[in-house]
Amino acid sequence: MSDPFITVITAAFRLEGLKNVIKDLDSQTYQKFHHLIINDNQEDIRNWAKNYKGFGRKRFFIDLQVRTHWFGAICRNIGVVTSFSYIKPKYLDYDNLWIAFFDDDNRWKPHHLETFVSEIKKNPELVLLGVDAELRGKKDKSYRHIRKLAFAPQNVDLGQLLYKRSLFDKYGLFQPSPRYRITYDWELIKKIHSGEDKKKIKIIHSPTFIYYHRRR
């Protein structure tokens with residue numbers, strides 16, 4: 001099989017966090033991806049983008065002129081839907097396209113994407129993969145805790161997963177609503193995990209995803 005091609009989507013809200021996202025992506029040991037930045041009408045990000053020289057090859061900027069709110073759900077949907085438009089024809093193998101979400105308040109270790117890809121090459125039938133999270137303290141810089149991924153509410157973060165692109169055609173996009181609020185991503189993950197593709201899901205117990213604990 002050919003190497004997986006990954007669309008990395010960032011619903012951008014925090015400029016300093018976005019700069020960390022770019023730094024982490026540029027440091028990835030696996031580089032067969034492109035990066036879509038969806039600016040949720042943040043003026044500082046818009047001004048930064050005017051002078052940023054890294055757009056046009058594998059990084060692209062979608063500038064929304066109206067704030068979408070809904071905890072980034074609409075921005076992420078826009079990224080999923082438009083991802084095909086930014087893929088070069090030589091990479092347009094529908095069965096080998098993947099989606100990852102990299103928020104601007106998270107970090108990735110350099111081998112994050114390679115960890116996924118290595119497993120896909122061993123098990124090409126997989127459609128959804130996840131890694132464990134390393135929790136770090138925002139206040140206490142020495143705080144570290146490894147949280148093993150589990151498919152349950154509040155135990156899996158959107159950014160811990162790598163999704164086959166076809167899952168969004170099969171199960172739909174994120175559905176933001178007042179009922180689900182910040183847990184809207186779990187509603188889609190739950191559909192995938194409880195559906196016919198459950199046996200095609202793999203948890204990799206490697207904490208390559210970094211999440212900052214707000215209360216620590």
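**View 1. Aspartate 185 and its contacts.** Skipping residues up to four places away in sequence, aspartate 185 touches Leu158 and Phe174 (contact here means heavy atoms within 4.5 Å). Keep in mind that this is a predicted model, where local features need pLDDT of at least 70, side-chain atom pairs count only at pLDDT 80 or more, and totals for chains, interfaces and linings use all residues. Residues are numbered from 1 along each chain as its sequence is written, and side-chain values use heavy atoms, with hydrogens and water left out. Aspartate 185 sits in helix α6; helices (H or I, at least four residues) and strands (E, at least two) are DSSP runs, numbered from the N terminus. With a relative accessible area of 11%, aspartate 185 is buried (buried is under 20% relative accessible area, exposed over 50%, partly exposed in between, using a 1.4 Å probe and protein chains only). Its C-alpha is separated by 10 Å from that of glycine 72, 113 residues apart along the chain.

**View 2. Helix α6 under cover.** Eight of the eleven residues of α6 are buried, so the helix is mostly covered. The buried set is Tyr184, Asp185, Trp186, Glu187, Leu188, Ile189, Ile192 and His193. The cover over them includes α3, β6 (128-137), β8 (161-164), α5 and β9.

View 3. In α3, the buried residues are Ala73, Cys75, Arg76, Asn77, Gly79 and Val80. Among the elements covering them are β1, β2 (33-40), β3, β4, α5 and α6.

**View 4. Aromatic pairs.** There are 14 aromatic pairs in the structure; rings of Phe, Tyr and Trp (its six-membered ring) pair if their centres lie within 6.5 Å, and planes under 30 degrees apart count as stacked, over 60 as edge-to-face and the rest as tilted. Phenylalanine 60 and tyrosine 86 make a tilted pair, because their ring centres are 4.8 Å apart and their planes are at 40°. This pair links distant parts of the chain, with phenylalanine 60 in strand β3 (residues 59-64) and tyrosine 86 in the loop between α3 and β4 (97-101), 26 residues apart. Phenylalanine 60 is buried at 15% relative accessible area, while tyrosine 86 is partly exposed at 27%. Phenylalanine 174 and tyrosine 184 pair edge-to-face, 5.6 Å centre to centre with 75° between the planes. Since phenylalanine 174 lies in the loop between α5 (166-171) and α6, and tyrosine 184 in helix α6, the pair ties together parts ten residues apart in sequence. Both of these residues, phenylalanine 174 and tyrosine 184, are buried. Ring pairs also link Phe101, Tyr163, Phe168, Phe174 and Tyr184 into a cluster.

**View 5. Charges over rings.** Lysine 58 lies over the face of phenylalanine 33, 4.1 Å from the ring centre. Arginine 147 does likewise over tyrosine 211, at 5.8 Å from the ring centre. To count, NZ of Lys or CZ of Arg must be within 6 Å of the ring centre and within 35 degrees of the ring normal.

**View 6. The largest pocket.** The volume of the largest pocket is about 1100 Å³. On a 1 Å grid over the protein atoms alone, a pocket is an open set of points where a 1.4 Å probe fits, with protein on both sides within 12 Å along at least five of seven lines. Its lining has 37 residues, with Asp105, Asp157, Ile182, Tyr211 and Arg214 nearest the centre; lining residues have an atom within 4 Å of a point. α6 gives the most to this lining, with four residues.

Notes: Grid points are joined across faces, edges and corners, and a volume is the space filled by probe spheres set on the points.
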